[in-house]
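Here is my note on this model, written as numbered points. Please keep the structure open while you read.

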Amino acid sequence: MTDPTPRLTAPAGPTAPAPSDPGAIYRAAKPYLDDALDHYKGAVEEALRGRVPEHYVIGRVKTARSLIRKLRERPNDPRSWESITDKVGVRVICTTKADCNNATDLLCSGPWAVRKKERKKPQRHDHLFYPGIHLDLEAPEVFDHTGAPVFCEVQIRTRAQDAWAVASHKLTYKGAITPPKKMQRLVVRLTIFVEVFDEEIHRLFKKRAKLPMYAEALVLEHLESRYEEVSGDPAEGAKDLSIIAILMNAYDDDEKPRVSELIDAFCSSQEGLLELVREHSLNAEGYRDRSDWLFTQPEVLVVLERAQAKRHRLLSAVMHTDLEDIVRSTCISAGRPLPET
């Protein structure tokens, strides 16, 4: 993981080359920009880790050619070095628009100032734009060679938006041959298909969330991940949701949305959890399927957490079900026997 701790400090005094030599400016700034990118990319990854599913983060320092062109693009009114806020860029690519919105909220509350927030939309039918959400971030502890703060432009996109933005950029923006207007309009019109695709994906995810047992499936997926961390062995893939469906009744209504959080807190607080699970694993001496089987399943984490937090609620959930005997045996092995009825 990139260390998000800034490694840059402001120079003692101005050392920037004369504005008339943008190449020299870039060469002087480049090591600082590289360090700034390391800082921002690491900090963005840290802010999103474990909170936005299946995303990835990439970054770049703008090339010398691109920056020098910006500095020279208006000969009669040249831009200043400080006015360019996308010298360093980070891109966050998510699966859905909902994930993009979540990532945006997390980054807007991060350890920096948000100087600009913009949701990119087309202004004209023939105008190329880069879809997604753009943020300009300023970490006050990150400086360039002049002592000025280095901004970071963060683009937050779905996978479809990113794929199309890259393709359309190459088709219409760079190169010695300028595409004709008709071709440019066709490229831009295709953007609407990306928007439609993302909207349909968004609708499908919302429909999936309303399917029976969806909440239980999410909890079990999280349990499998935590069980692998605790035991060191991958959990056997879930064949059905009947066990977790019963065990979810051991949580109050206000606890059910926080089951994964409660499990994480429990696992982090139990120093002997690894040894307990391994003592009752399939390879352990004296393993007995009748009393130890549940220790080989990720759902055991719910049983152990509830046996510590709310034993009577756990008993109520499993009483008179096929799980009662094995849950009682599991709790006895863990030193937390359930009350007798």
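**Notes on the sheet, the cysteines and the salt bridges**

1. Strand β2 (residues 88-94) and strand β5 (residues 149-158) run parallel and are joined by 7 bridges. Two strands count as paired if DSSP finds at least two bridges between them. Helices (H or I, at least four residues) and strands (E, at least two) are DSSP runs, numbered from the N terminus. Within this pairing, Gly89 stands opposite Glu153 in β5.

2. A word on the source. This is a predicted model, in which local features need pLDDT of at least 70 and side-chain atom pairs count only at pLDDT 80 or more, while totals for chains, interfaces and linings use all residues. Residues are numbered from 1 along each chain as its sequence is written, and side-chain values use heavy atoms, with hydrogens and water left out.

3. Now the whole sheet. What is the order of its strands? The order is β1-β2-β5-β4-β3, in an open sheet of 5 strands with mixed pairing. The edge strands are β1 (56-61) and β3 (113-120), and each pairs on one side only. From one strand to the next, the twist averages 20°. Angles run from 0 to 180 degrees between N-to-C directions, and axes are lines fitted to C-alpha atoms, for helices over the stretch in contact. As background, strands of a sheet pair through backbone hydrogen bonds, either parallel or antiparallel.

4. A helix packs on this sheet. Helix α1 (residues 22-48) touches β1, β2, β4 (132-143) and β5. Contact means heavy atoms within 4.5 Å. The direction of α1 makes about 170° with that of β1.

5. Next, the cysteines. How many disulfides does a search of the whole structure find? It finds 0. A disulfide is a pair of cysteine sulfur atoms within 2.5 Å. For Cys94, the nearest cysteine sulfur is that of Cys100, 4.2 Å away. Cys94 is buried, because its relative accessibility is 0%. Cys100 is buried too, with a relative accessible area of 4%. Buried means under 20% relative accessible area, exposed over 50%, partly exposed in between (1.4 Å probe, protein chains only).

6. Salt bridges come next. The whole structure holds 21. Each is a side-chain nitrogen of Lys or Arg within 4 Å of a carboxyl oxygen of Asp or Glu. Asp86 and Lys70 form one of them, at 3.0 Å from N to O. Asp86 lies in the loop between α2 (64-72) and β2 and Lys70 in helix α2, so the pair ties together parts that are 16 residues apart in sequence. Lys70 counts as partly exposed, at 21%.

7. Another salt bridge lies within the strands. The side chains of Glu138 and Arg115 meet at 2.6 Å, N to O. Glu138 is in strand β4 and Arg115 in strand β3, 23 residues apart, so-called distant parts of the chain. Glu138 counts as buried at 11% relative accessibility, whereas Arg115 is exposed at 53%.

8. Finally, a pair inside one helix. Glu324 forms a salt bridge with Arg328, with the closest N and O atoms 3.3 Å apart. The two are 4 residues apart in helix α14 (residues 324-333), which means about one helical turn separates them. Elsewhere, Asp252, Glu255, Glu305, Arg306, Lys310 and Arg313 are linked in a network of salt bridges.
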